[in-house]
Amino acid sequence: MSYTFQFGVIAQYQNEILAGIWMTIKLSVASIILGCACGIVLASVRSMKPGIGRILVDAYVEIIRNTPFLVQLFIVYFGMPGLGIRVSAVTAALIGMTINLAAYSTEIIRAGIESIHKSQIEAGEALGFTRLQIYRHVIIMPAIAKVYPALCSQFVLMMLASSVCSAISTNELAASAAFVESQSFRSFEVYIVVTLIYLALALALRGMLAMIGLWLFGRRVARRTAVALPEVQT
Amino acid sequence: MILRTFGFSEFGFLVSALLWTVVLTIIALSGGGIVGFFIALARTSTHKWLRIVAATYIQIIQGIPVLMILFLSYYGLSLAGLQLPPLVAAGASMTIYASGYLAEIWRGCIQSVPKQQWEASESLAMTRTQQYRYVILPQALRISLPSTVGFAVQVVKNTSITSIIGFVELARAGQLINNATFQPFRVFIAVAALYFVVCYPLSQLSRWLERRLHARSHR
Amino acid sequence: MPEVIVENVHKSFGMVEVLKGVSLTVERGEVIALIGRSGSGKSTLLRCINGLEKINSGRIEIAGHTVSSDPKQLRALRTDVGIVFQSYNLFPHLSVGENIMLAPKIVKNVAKAQTRETAERVLKLVGLSEKFDAYPDELSGGQQQRVAIARSLAMQPKVMLFDEVTSALDPELTEEVLNVMEQLARDGMTMILVTHEMAFARRVATKTIFMHQGKIWEEGLSKQLFSDPQTPELRQFVKADVK
């Protein structure tokens with residue numbers, strides 16, 4: 001085998017690649033914020049008394065967690081127009097990622113809420129907190145603090161999984177890679193470079209999430225974030 | 001062009017493609033299981049450099065998209081002059097992907113066996129291999145069952161990514177049917193439903209194993 | 001020749017020196033009790049003697065083996081030296097019988113029929129013949145500890161080490177374990193035990209060693225040592241125990 005690696009060629013396409021990186025970052029950040037917000041709301045609904053709300057949330061979480069992200073994207077991008085809802089590839093990617101991440105966030109935050117002791121809530125009541133105050137300060141924030149490492153792992157996995165959005169022609173990083181590959185015919189080099197970029201993005205995202213955790217919850221969480229077991233998914 | 005509608009024969013095609021999804025999952029779990037097992041051993045080894053190499057491997061696999069592993073295996077293999085069917089590239093990349101995650105899951109299980117078990121078996125003059133074989137791994141295995149089954153669900157779902165290099169499993173079959181019928185909503189809901197039929201029981205099994213493990217350790 | 005020789009042993013954990021030049025000898029058939037406050041270094045000394053902790057300097061010989069860091073030599077040593085821990089450390093996935101038969105079978109390659117015979121004999125010795133097929137989590141703490149002793153005995157050791165084996169047990173369970181140990185002592189086993197049971201040390205141990213701040217502070221025949229302590233530290237230690 002006499003193959004000479006030529007990484008130099010790829011430099012010509014740095015604008016395409018930078019655009020791809022920027023799109024991946026935008027999609028990831030937006031879906032993390034939206035997905036996490038939905039997760040908090042749904043986990044709250046889930047933690048209320050048994051009823052239709054709980055059944056619906058459970059069904060949603062189970063359906064999303066037991067089907068591939070790629071197929072979810074297909075349904076949003078190719079399937080929805082059949083129902084009269086037509087969206088761009090980028091919007092479809094954002095919707096798909098948010099729907100997916102919301103389900104996982106719900107499940108993780110639910111576990112956090114269930115780990116909050118009844119006595120904590122009673123202590124809040126004894127201190128004369130309103131129900132909303134109890135919910136915010138005694139239940140939701142401590143619950144999220146507890147499961148923050150698992151949430152972070154999920155966020156990183158979502159960023160990595162966003163590469164699949166190239167399959168519905170969303171022009172993020174993996175799509176840039178495919179474009180550069182088709183232009184330069186240096187497939188292997190292109191994918192090595194892009195893989196390293198993803199690795200750097202993952203490390204940067206992990207670092208940033210650890211800093212946000214430090215800012216939000218203080219020292220006790222940041223320490224655990226560093227050794228968190230990833231909750232595996234796409 | 002004659003448009004077909006999504007009917008029984010199309011559904012039958014999806015079901016037969018589901019078989020390939022299952023085959024690929026089994027390849028990924030057995031291949032990734034073997035590789036991951038040795039990486040987990042290296043990760044818990046007494047040799048510092050072995051631990052570092054294993055930890056780096058795990059960090060890299062968990063820090064890059066499955067899609068990139070797939071492309072790198074696909075183009076890497078053809079670069080090596082091998083014109084192989086997509087199944088090989090798909091199987092190889094799924095194996096690499098699964099090994100990185102299984103290694104990390106099992107590392108956690110090995111390390112959750114109390115260190116007194118190491119001391120007790122060491123004091124009975126066992127070699128390190130005997131300690132693993134007779135004392136540590138049997139205990140780690142029981143702890144690992146729920147999370148391993150849970151990870152199997154992720155593998156089933158992630159095999160869908162191999163459709164992107166043209167391997168005809170369930171997701172790719174869905175695209176093909178969709179191209180012939182132009183009934184994307186129906187087709188992809190059917191595809192999703194088939195994945196669900198495989199994944200949901202596995203998820204429930206994982207949960208049941210988790211509860212059982214928990215009940216036992218609190219006895 | 002003595003069964004155990006410990007010569008000027010030093011041991012540090014990081015910056016903290018826990019053994020500051022410890023020397024002692026144990027003759028065959030002797031029972032030595034190591035007593036002292038927690039942190040006095042007595043458990044560390046015991047763990048150094050069978051190589052679970054590496055010493056920084058000095059020399060330890062036991063049952064004809066020199067303690068080194070060579071794994072092969074260490075394994076040879078451990079076939080002749082049994083140790084029982086505070087937390088029993090039975091293998092939870094194996095039955096009582098399997099716990100006892102495992103090491104003789106895989107380490108010493110003893111034939112299966114013979115390991116079974118040995119297992120039954122040592123189980124009878126600790127009074128648990130009927131528990132052969134039980135699992136550790138079905139036994140009381142005292143029973144588990146007796147199985148742990150039987151597991152060590154099945155290797156037919158020349159020396160037995162006991163590391164605070166009754167500290168995790170209720171008083172009534174403590175008694176059944178101590179009885180087994182007393183029986184062993186009477187049968188002539190060479191034993192070193194780290195213990196908080198002063199009455200037991202006084203009655204069973206031929207010699208008692210009081211450790212303080214990483215050194216052997218005072219040692220002597222058990223009866224003498226307890227009835228006539230020479231140093232103020234031992235006097236206070238013995239008094240605190242009576243109270």
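# A tour of three chains, stop by stop

**Start with chain A.** Chain A has 10 helices and zero strands. Helices here are DSSP runs of H or I with at least four residues, strands are runs of E with at least two, and both are numbered from the N terminus. This is a predicted model: local features need pLDDT of at least 70, side-chain atom pairs count only at pLDDT 80 or more, and totals for chains, interfaces and linings use all residues. Residues are numbered from 1 along each chain as its sequence is written, while chains are lettered from A and ligands numbered from 1 in the order in which they are written.

Keep chain A selected. Its C-alpha atoms fill a box of roughly 75 × 45 × 30 Å along the principal axes. Of its 234 residues, 47% are buried. Buried means that 20 or more other C-beta atoms lie within 10 Å of a residue's own; exposed means 12 or fewer, and partly exposed is in between, with C-beta atoms placed from the backbone. Now consider contacts, which are pairs of residues whose C-beta atoms, placed from the backbone, lie within 7 Å. Among the contacts in chain A with a separation of 6 or more, 78% join residues 24 or more positions apart.

**Select chain B.** Chain B has eight helices and zero strands. Read from the N terminus, its elements run α-α-α-α-α-α-α-α. The box around its C-alpha atoms is roughly 75 × 50 × 25 Å, again along the principal axes. Of the 219 residues in chain B, 47% count as buried.

**Show A and B together.** Which chains share the most contacts? Of the two pairs of chains in contact, it is chains A and B. Here 39 residues of chain B are in contact with 37 residues of chain A. On the chain B side, α3 (66-79), α4 (86-111), α6 (128-158), α7 (170-181) and α8 (184-217) each supply at least two residues. Pick out α8(B): it gives the most to this side, with 11 residues. Colour the chain B side by class, and there are 27 nonpolar, 11 polar and one charged residues. Ala, Val, Leu, Ile, Met, Phe, Trp, Tyr, Cys and Pro count as nonpolar; Asp, Glu, Lys and Arg count as charged; the others, Gly among them, count as polar.

Chain C averages a pLDDT of 93, and 99% of its residues score at least 70. pLDDT is the predictor's confidence in each residue, from 0 to 100. For the model, ipTM is 0.92 and pTM is 0.89.

Chain C does meet chain B: 18 residues of chain C are in contact with 15 residues of chain B. Helices α2 (71-80) and α3 (96-107) of chain C each supply at least two residues of the side that touches chain B. α3(C) gives the most to that side, with four residues. By class, this side of chain C divides into 10 nonpolar, five polar and three charged residues.

**Zoom in on α3(C).** Buried residues in α3(C) include Val96(C), Asn99(C), Ile100(C) and Met101(C). The buried residues of α3(C) pack against α6 of chain B, together with α4 (112-125) and α5 of chain C. Just after this helix, Asn109(C) takes a positive phi of about 55°.

**Move to α6(C).** Select residues 171-186 of chain C: this helix has 16 residues and reaches 22 Å from its first C-alpha to its last, close to the 22 Å expected at 1.5 Å a residue. The expected span is 1.5 Å times one less than the number of residues.

Thr174(C), Val177(C), Leu178(C), Val180(C), Met181(C), Leu184(C) and Ala185(C) are buried in α6(C). Look down the axis of α6(C): these buried residues fall within an arc of 155°, so they line one face of the helix. The arc is that of the directions from the helix axis to the C-beta atoms. On the other side, Glu172(C) and Arg186(C) are exposed. The buried residues of α6(C) pack against β3 (31-35), α5 (141-153), β7 (159-163), β8 (190-194) and α7 (198-204) of chain C. After the helix comes Gly188(C), with a positive phi near 95°.

**Finish in the core.** The largest nonpolar core has 203 residues, and Leu73(A), Val191(B), Leu34(C), Ile49(C) and Ile192(C) touch the most other members. A nonpolar core is a set of buried Ala, Val, Leu, Ile, Met, Phe, Trp, Tyr and Cys residues joined through C-beta atoms within 7 Å. Helix α7 (residues 131-161) of chain A gives the largest share of this core, 14 residues. Last, centre on Leu73(A): among the residues it touches are Ala92(A), Gly96(A), Val164(A) and Ile168(A), not counting residues up to four places away in sequence.
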